[in-house]
Amino acid sequence: MLQSKDRIWVDSVIGKITAKLDTVSEKSRHKIPYTTVNGTHDDKASQNVSGFDADGICWWTNGFWGGMLWLMYHETGNEKYKEIANISEELLDKCFQDFYGLHHDVGFMWLPTSVANYKVTKNPDSRKRALHAANLLAGRFNLAGGFIRAWNDLDEGDTRGWAIIDCMFNIPLLYWATEETGDPRFKQIAMRHADTVMSSFVRPDGSVHHIVEFDPFNGGVVRTFGGQGYADGSSWTRGQTWALYGFMMSYIHTGKEEYLLTAKRIAHYFMANIPEDGVIPLDFRQPAEPKLEDDTAAAIAACGLIEIAKAVGELERELYLNAALKLLRALDERSDWSDENDCIIQRGSEAYHKPRNQHHHAIIYGDYYFMEAIFKLKGNDLYLW
């Protein structure tokens with residue numbers, strides 16, 4: 001799909017990724033990183049937090065480090081990446097024992113680890129872990145509302161009817177479970193959830209809600225929440241990307257044309273709002289000041305745009321591909337390729353209403369999705385979703 005100048009750039013970025021991960025993987029061999037402290041990966045696996053806080057070893061991002069390692073193993077064939085990925089995956093077994101710290105994000109945790117391992121090595125223990133996680137996710141399905149419940153009980157009040165846009169990335173675990181076992185119930189649940197998101201989360205202009213509350217007993221929308229964005233009715237950019245790429249994941253697994261059309265509608269809204277410099281704000285409808293950014297949203301969007309480019313005809317392809325390239329080139333220029341910092345992507349933001357000193361920092365999924373997008377551009381990538 002790429003012109004020669006773009007292929008040269010992609011190869012140069014892969015060279016930088018390979019050099020960086022060769023060093024960082026050894027430094028963080030026994031860790032499950034989330035962010036960096038003074039340039040060094042922290043370690044969620046060593047944080048003694050469990051139970052309903054869903055932090056520590058049960059933190060939702062704990063699959064991305066393993067995913068990065070499997071991407072590197074696929075790219076290089078170096079056995080050390082498989083060895084370190086196995087360490088990461090086995091550490092997550094404690095989450096099954098704890099149980100209370102697990103919620104809807106088991107797809108984020110076990111797709112890039114156990115499903116990836118099973119796809120590559122046919123490890124039977126990885127298959128068992130992934131199917132266990134899939135059954136936990138399927139068990140969160142609310143029949144009355146047609147949605148997968150988000151989180152567990154929270155301090156905010158009654159959250160039994162809450163669903164969030166992020167879960168579009170978790171339901172591929174259910175598609176995989178049906179593909180692996182032949183049992184249709186997993187796919188049926190995933191598609192019911194995706195259909196509910198289409199009708200209740202995606203607005204006519206292609207923007208999306210972060211949180212929608214349903215009546216858990218009778219179904220039907222009760223209200224919406226701004227969640228991690230600026231406000232209810234605004235446009236949290238990472239939420240846009242969970243939807244954009246998430247509907248492409250459902251299209252890839254089902255072939256349902258409506259999912260592709262929905263992904264394209266969200267993509268057109270996203271592309272129309274990309275600033276000239278390619279730097280994505282935390283929320284497309286946030287005030288001009290403070291100028292908050294989220295490079296992780298750019299990386300995730302690029303992945304989804306590349307998948308759309310693969311799925312559409314030749315006359316449409318460049319529209320999506322060029323947008324992805326613009327985002328990725330901006331990220332390359334803003335990244336830290338030095339040995340002094342364990343993360344590549346440096347300006348991630350979790351939520352708009354965090355304290356000012358908690359914005360613009362490294363977050364592990366920024367690195368994962370940046371790597372995934374670059375390897376997609378090369379071709380012959382390892383698809384983990």
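I will start with the pockets and finish with the backbone. Keep in mind that this is a predicted model.

The largest pocket has a volume of about 1000 Å³. Lining that pocket are 37 residues, and the closest to its centre are Trp 59, Trp 60, Trp 151, Gln 228 and Lys 354. By type, the lining of the largest pocket has 14 nonpolar, twelve polar and eleven charged residues.

The second largest pocket holds about 180 Å³ of space. Two elements give two or more residues to its lining, α1 (4-27) and α12 (314-334). The largest share, six residues, comes from α12. Among the lining residues of this second pocket are Met 1, Lys 5, Asp 6, Glu 314, Arg 317 and Leu 325. Its lining divides into four nonpolar, two polar and five charged residues.

Now the backbone. Most residues other than glycine have a negative phi, and most peptide bonds are trans. Where does this model have a cis peptide bond? The cis bond joins Glu 289 and Pro 290, with omega about 0 degrees. Pro 290 sits in the loop between α10 (257-272) and α11 (295-311).

Then there is positive phi. Lys 122 is not a glycine, yet its phi is positive, about 60 degrees. Lys 122 is in the loop between α5 (106-121) and α6 (124-138). With a relative accessibility of 52%, Lys 122 counts as exposed, because the cut-off for exposed is over 50%.

Asn 380, also not a glycine, has a positive phi of about 55 degrees. Asn 380 lies in the segment after α13 (364-378) and is exposed, at 68% relative accessible area.

How values were computed: Residues are numbered from 1 along each chain as its sequence is written. This is a predicted model: local features need pLDDT of at least 70, side-chain atom pairs count only at pLDDT 80 or more; totals for chains, interfaces and linings use all residues. Side-chain values use heavy atoms; hydrogens and water are left out. On a 1 Å grid over the protein atoms alone, a cavity is a set of points where a 1.4 Å probe fits but cannot get out, and a pocket is an open set with protein on both sides within 12 Å along at least five of seven lines; lining residues have an atom within 4 Å of a point. Grid points are joined across faces, edges and corners, and a volume is the space filled by probe spheres set on the points. Ala, Val, Leu, Ile, Met, Phe, Trp, Tyr, Cys and Pro count as nonpolar, Asp, Glu, Lys and Arg as charged, and the others, Gly among them, as polar. Helices (H or I, at least four residues) and strands (E, at least two) are DSSP runs, numbered from the N terminus. Buried means under 20% relative accessible area, exposed over 50%, partly exposed in between (1.4 Å probe, protein chains only).
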